[in-house]
Amino acid sequence: MTKQCDLVIDNVRIASMQKNGKPYGILTQSSVAIKNGKVLAIFDGSQESYHCNKRYNGENKWLLPGFIDCHTHLVYGGNRANEFEQRLQGKTYTEIAQQGGGIQGTVNATREASEHTLLSSAIKRASRLVEEGVTCIEVKSGYGLDLDTELKMLKVAKQIAEYLPVSIVTTYLGAHAVPKEYRSNPDDYVQFICDRVIPAVARQQLASCVDVFCESIGFSPAQCRKVFAAAKTHKLNVKAHVEQLSDLKGAKLAAEFAAISVDHIEYLDPKDIPALKQSGTVAVLLPGAFYYLSETQKPPVAELRANKIPIAIATDLNPGSSPIASILTIMNMASVLFGLTPEEVLYGVTIHAAKALELSSKGQVKTGMDADLCLWDIEHPAELVYGINQHRPSAKWFAGRIC
Ligand code: NIG
Ligand code: FE
């Protein structure tokens, strides 16, 4: 019997990124039927069992799931080019933060910016990612720190999806830095996060995750514990910036709260990896920040691999440690700087990135999943990681609609 669908993409090679025992989840079939924004079936082109008005000839190009950038801070005011110059003159990221610059500098600019200014600059940055095949972006708050500006940031982040073919996952990152008005009593700020902001974020459904910066220039493990507990009370997922500049045992703490991801982790002690395994936590590597801060300590990739921890890769797009609006560049960095194979990198921006955001219907070309798909004019998927600025998708579908 002939089945109805909205679109058939024919004549493609499919790197499904499923975990099917084949490299890149490569499938033997060459056609994909799409209905109501989902993949209805993946089948062999010689079968004429799907009827639809639209057919797209993929010309033997490679079809992959749209990329997922699972860690960004792309809503912010101003920029930090001045700080970049200071760092070139020898000041460290930590010193700049301790002198009231860094994240605090962006907080001042973000508080001052109108919603319109924030939205238009965020759309510009998000467009750079979308052009490269990104169909889902996580966006964190954390440059407002007061109630109104944090909510404003999250609203702006959500609005991006009204202007671009991309889905947005929002994360409340109140525990990013201690704002100047709480400098002498940071514990009161943590209390404010837990008692005022998290309940408001949950009530207004402005974020699905809560994140923290567990670091000497951020928040102590004891303070992060309080934030995690409040997040759990309000049924929000936990994520954490941990072990970026030092080992405060943030990953172990995050695992206790079944964090969906721990991010950065250059200074993660391999002894803490089994805890991540047990909690099913994804390790999100951010080679942009490693590169930009001239870090030398690499994340424990071999041990993560040995323990079969899912590894995701993201841009960390932000004005300070990673002003890099290019997922493809970051993918190359993950291989060159951290030694990930092209296949690991591609899993890192698809199925593992979906897991880092608890999205069960994205990150794979698979029956029943969202039809967020990109077609690439390449000879092999590894080419997407091997070069820099060589490729753009030759076609793209978001929720089954061509972009
Ligand atoms: O992921 N480490 C903390 N947060 C960001 C940097 C934010 C900033 O410098 O503005 C990060 O690297
Ligand atoms: Fe970050």
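Mentor: A polar side-chain atom of glutamine 244 is placed 2.8 Å from a nitrogen atom of ligand 1, a polar contact being a pair of N or O atoms within 3.5 Å (within protein, one must be able to donate a hydrogen and the other to accept it, and residues adjacent in sequence count only if both atoms are side-chain atoms). The model is predicted: local features need pLDDT of at least 70, side-chain atom pairs count only at pLDDT 80 or more, and totals for chains, interfaces and linings use all residues. Residues are numbered from 1 along each chain as its sequence is written, chains are lettered from A and ligands numbered from 1 in the order in which they are written, and side-chain values use heavy atoms, with hydrogens and water left out.

Oxygen atoms of ligand 1 are also approached: a polar side-chain atom of arginine 80 lies 2.8 Å from one oxygen atom, and a polar side-chain atom of histidine 264 lies 2.9 Å from an oxygen atom. Taken alone, ligand 1 exposes 330 Å², and the protein buries 100% of that (accessible areas come from the Shrake-Rupley method with a 1.4 Å probe).

Around ligand 1 there are 15 residues, of which Arg80, Tyr93, Tyr143, Gln244 and Ser321 come nearest; a residue is near if one of its heavy atoms lies within 4 Å of the molecule. By class, this shell has four nonpolar, nine polar and two charged residues, where Ala, Val, Leu, Ile, Met, Phe, Trp, Tyr, Cys and Pro count as nonpolar, Asp, Glu, Lys and Arg as charged, and the others, Gly among them, as polar.
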